[in-house]
Amino acid sequence: MADKGKDKIITTPSSIYENSNIRDDIYRHIQSTLGNDPVRPDNYSCFMGLSYSVRDRLIERWINTQRSFYDTFAKRVYYLSMEFLPGRFLMNYLTNLKMEDKASDAVREMGFNLEELEEEEWDAGLGNGGLGRLASCYMDSVATLKIPCYGYGIRYDYGIFHQTLVNGYQREQCDNWSRRASACEVRRQNNLEKIRFYGRSESYEDDKGHRRIRWVDGDIVMAMACDILIPGYNNDFVTNMRLWSALSSREFNLENFNQGDYIGAVEAKVNSENISKVLYPSDEAEKGRELRLKQQYFFVAATLKDIIRRYKKQNQTFENFPDYVAIQLNDTHPSIAIPELMRLLVDEEFLEWDEAWSVCVRTFAYTNHTVLPEALETWPVDLIGKVLPRHLQIIYEINYRFLDQVKTRFAGDNEMLSRVSLINEKGVKAVRMAYLAIVGSHSVNGVAALHSEILKKGLFSDFERIFPGRIKNITNGITPRRWLYQANPLLSRLITSAIGDEWIRDLSRLKRLVPFADDANFRDSWRKTKLENKKRLARYILRKIRIGVNPDTLFDVHVKRMHEYKRQLLNLLHVITLYNRIKADHSAGHTPRTVLFAGKAAPAYFQAKLIIKLINSVADVVNNDPDVMGLLKVLFLPNYCISQAEKIIPAADLSEQISTAGMEASGTGNMKLALNGALTIGTLDGANVEIMEEVGRDNIFIFGLKASEVESLRAGGYNPRNYYDNDLELERAIDMIDSGFFSPKEPGLFKPITESLLERGDYYMLLADYRDYIRAQEEVSKAFQNRDEWTRKSILNTANMGKFSSDRAVLEYTRDIWGIKTFEE
């Protein structure tokens with residue numbers, strides 16, 4: 001990497017807000033920014049005034065941070081993700097700026113409570129699940145570690161959806177998170193990029209007689225940059241996510257309007273702006289698939305224009321582009337960026353193909369987040385040819401050259417050519433986007449040790465032979481600032497009182513807690529802290545769904561995206577078994593338990609939505625049966641989101657991580673819960689394996705088949721009926737579901753669920769793992785009865801979670817993939 005300006009000293013002007021009174025700033029913004037009377041502010045205007053006051057301080061730091069990048073000619077990282085899931089911003093900003101106390105004092109002087117003001121903010125609807133939350137954790141870490149990195153994605157108007165329950169069924173409503181003005185956004189209305197769709201490729205001869213190709217005609221959509229600021233923890237470093245919003249290049253057709261065609265007058269505007277309306281529109285219909293492809297290209301095309309614009313400020317040629325630019329593809333969604341960069345370099349910057357390809361491969365890196373072949377994204381060739389005609393040509397050229405190299409190295413292995421081709425020729429011709437990402441990147445990484453081994457030995461084994469060493473592992477992580485320090489202030493204060501506060505920036509320091517697990521007074525304080533968090537959650541549950549829960553019971557928590565492989569249904573089979581046992585013998589010393597589910601199912605995912613209905617139907621029976629009162633309660637909290645997770649996770653006693661082994665790439669919910677002292681019950685899947693290695697086999701409840709055993713059982717002809725026929729408790733639980741015990745007015749309602757288990761092969765092997773799961777749950781119940789020993793295990797879980805910091809993961813990316821140093825190095 002060039003070392004221009006490496007010795008330049010970064011100077012930062014003194015802050016204009018250094019001696020500013022935050023209360024005065026709040027009043028000023030209420031009057032001047034909101035146009036309200038500062039004498040009589042309400043909760044919302046005080047919240048907005050505080051938010052704008054915080055933003056003032058962030059923008060000043062952001063400008064200084066950007067200047068330092070230019071002054072030092074820093075190599076920058078661009079993290080491309082289809083989704084981010086940042087949660088609420090205000091408290092995170094106050095936490096990282098170390099302004100919580102000042103802000104709390106200021107609003108208290110004005111007659112407000114900071115915790116109540118926090119509830120005025122709606123969660124930003126920019127993501128759905130673990131993929132988006134991981135991206136947001138990494139953004140917090142790059143800022144805290146002073147890494148010159150930006151996040152890029154789409155600024156969705158409505159996000160995924162707002163989940164409600166109607167008679168136990170999931171109902172989706174628009175998540176109009178941005179209806180209120182947001183102080184966290186900086187809309188760059190003068191920063192617009194033209195994005196083309198459709199059209200055609202045409203060949204022409206340039207003024208030097210060279211044959212060139214250009215993309216012409218078609219439709220133009222404008223991409224407007226919206227920046228969301230991301231501060232590091234206590235370090236004056238502020239970076240940003242740059243999210244693109246789609247605008248029409250033709251706001252209004254006056255001719256159509258004057259002719260009475262009022263809908264046609266705005267049709268182009270509506271069609272263009274649909275691109276950034278909703279995260280993951282349904283792809284069941286052709287138009288939905290086309291919109292998804294347009295979303296992916298829209299944001300990567302705008303991002304690459306922005307990257308090149310910034311690069312050209314200090315560089316004239318592209319030979320050093322990878323020395324100043326690293327692009328990380330967060331899953332396959334942004335992989336269309338590879339042919340787009342090739343198009344820009346070859347068609348617009350006039351590089352020769354080989355030079356452009358070298359630049360491209362050295363610039364891109366790809367993170368894979370799945371082990372399921374069916375989850376690897378593909379796009380029909382005809383669809384790409386229609387929407388992005390030039391890109392299809394480029395993809396075919398990449399594939400031709402790649403297969404030519406494979407043919408030379410692995411002569412005679414024609415089956416390999418078919419297996420690794422970027423084009424799947426079977427059935428409807430389609431582009432394999434994950435393969436494109438692998439071929440076009442210098443690094444590919446899995447997100448847990450087990451996951452990465454599965455990629456090397458299974459899913460991408462051919463590519464491991466072709467590109468030895470390209471596939472590596474970087475285990476996911478979570479930010480301790482959000483998921484312990486901010487989400488669990490009671491536990492944070494207890495930990496800090498024992499070992500100091502260095503753990504906030506270096507999570508490995510939690511190891512110092514290990515001796516305190518044997519300190520009776522500390523265990524007592526830990527137990528009281530957990531109880532207070534459970535009481536807080538109980539109040540929240542009562543307020544949200546009008547169900548009272550006993551904080552002294554075991555809080556058994558299963559919160560994550562609803563999917564069959566995550567096996568919420570297996571948990572429910574245990575609930576039904578427990579219900580039957582209590583009914584049979586109420587005096588058998590059962591451990592009182594509250595089982596809490598939360599998570600969203602994709603709108604078109606029938607089976608997952610039916611499982612939500614079943615959970616609520618089981619809850620109706622259990623919660624209204626006097627025979628089990630006080631011993632078992634079941635509930636489903638609607639609209640799981642970051643702010644809800646921040647209430648649930650600190651209160652959890654037991655963390656359900658029970659996916660079919662070999663199907664969860666990593667998981668980060670397991671990390672958040674264990675960090676907050678929950679004990680894990682889980683399979684040896686994803687990051688559970690590494691969590692077990694860190695916390696110790698005695699402090700986690702492991703059950704079920706291993707990934708290799710799942711594979712062997714399936715290959716040998718798995719018959720779920722054998723398990724059903726030979727296990728009376730399992731048989732009874734399934735029969736209760738099948739017979740309509742939980743749906744007496746609709747006896748056949750849940751037959752699709754029981755048929756999936758008994759008639760359609762039980763693909764996710766619930767029945768094979770059921771009995772061992774029941775055994776592990778019996779161990780849980782017994783362990784929880786000894787509260788002192790449970791507390792010791794809880795402390796040891798938290799103490800040994802240092803490895804799972806997103807700071808550690810991001811530092812591995814900087815060292816092993818991006819090739820950059822932090823500003824602190």
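Colleague: Why is D331 called buried?

Modeller: Its relative accessible area is 13%. Buried means under 20%. The value of 13% falls under that cut-off, so D331 is buried. Keep in mind that this is a predicted model.

Colleague: Where is D331 found?

Modeller: D331 sits in a loop. Strand 10 (325–330) is on one side of that loop and helix 11 (337–348) on the other.

Colleague: What is the phi of D331 near?

Modeller: Phi of D331 is near 80°. That is a positive value, and D331 is not a glycine.

Colleague: R546 has a positive phi too. About what value is it?

Modeller: About 60°, again in a residue that is not a glycine. R546 also lies in a loop, this one between helix 21 (520–545) and strand 17 (554–559).

Colleague: How do you know whether R546 is buried or exposed?

Modeller: Look at its relative accessible area, which is 68%. Exposed means over 50%. So R546 is exposed.

Colleague: On to charges. How many salt bridges does the structure hold?

Modeller: The structure holds 65.

Colleague: What makes D105 and R108 a salt bridge?

Modeller: Their side chains meet at 2.5 Å, N to O. The cut-off is within 4 Å, so the pair qualifies. D105 and R108 are three residues apart in helix 4 (residues 100–109), which means about one helical turn separates them.

Colleague: Why is D105 called partly exposed?

Modeller: Its relative accessible area is 34%. Buried is under 20% and exposed is over 50%.

Colleague: What are the accessibility classes of D306 and R309?

Modeller: D306 has 0% relative accessible area, so it is buried. R309 has 31% relative accessibility and therefore counts as partly exposed.

Colleague: What makes D354 and R401 a salt bridge?

Modeller: Their closest N and O atoms are 3.1 Å apart. The cut-off is within 4 Å, so this pair passes. The pair links distant parts of the chain, 47 residues apart. D354 is in helix 12 (residues 353–363), and R401 is in helix 14 (residues 389–409).

Colleague: Which residues are joined into one network?

Modeller: R188, D227, R242, D306, R309 and R310, through salt bridges that share partners.

Colleague: Now the second largest pocket. How many residues line it, and how much space lies in it?

Modeller: The lining has 31 residues. The space is about 1100 Å³. M91, E115, Q486, P489 and R493 lie nearest the centre.

Colleague: Which helix gives the most to that lining?

Modeller: Helix 21, with six residues. Others supply at least two each, among them helix 3 (90–96), helix 5 (114–118) and helix 20 (489–499).

Colleague: How does the lining of the second largest pocket divide by class?

Modeller: Fifteen would be the count to remember: 15 charged residues, with eight nonpolar and eight polar.

Conventions: Residues numbered from 1 in each chain as written. Predicted model: local features only at pLDDT ≥ 70, side-chain atom pairs only at ≥ 80, totals over all residues. Heavy atoms only, no water. Helix = DSSP H or I, 4+ residues; strand = E, 2+ residues; numbered from the N terminus. Buried < 20%, exposed > 50% of the residue type's maximum accessible area, 1.4 Å probe, protein only. 1 Å grid on protein atoms, 1.4 Å probe; cavity = no way out; pocket = protein on both sides within 12 Å on 5 of 7 lines; lining within 4 Å. Points joined across faces, edges and corners; volume = space filled by probe spheres on them. Nonpolar A, V, L, I, M, F, W, Y, C, P; charged D, E, K, R; others polar.
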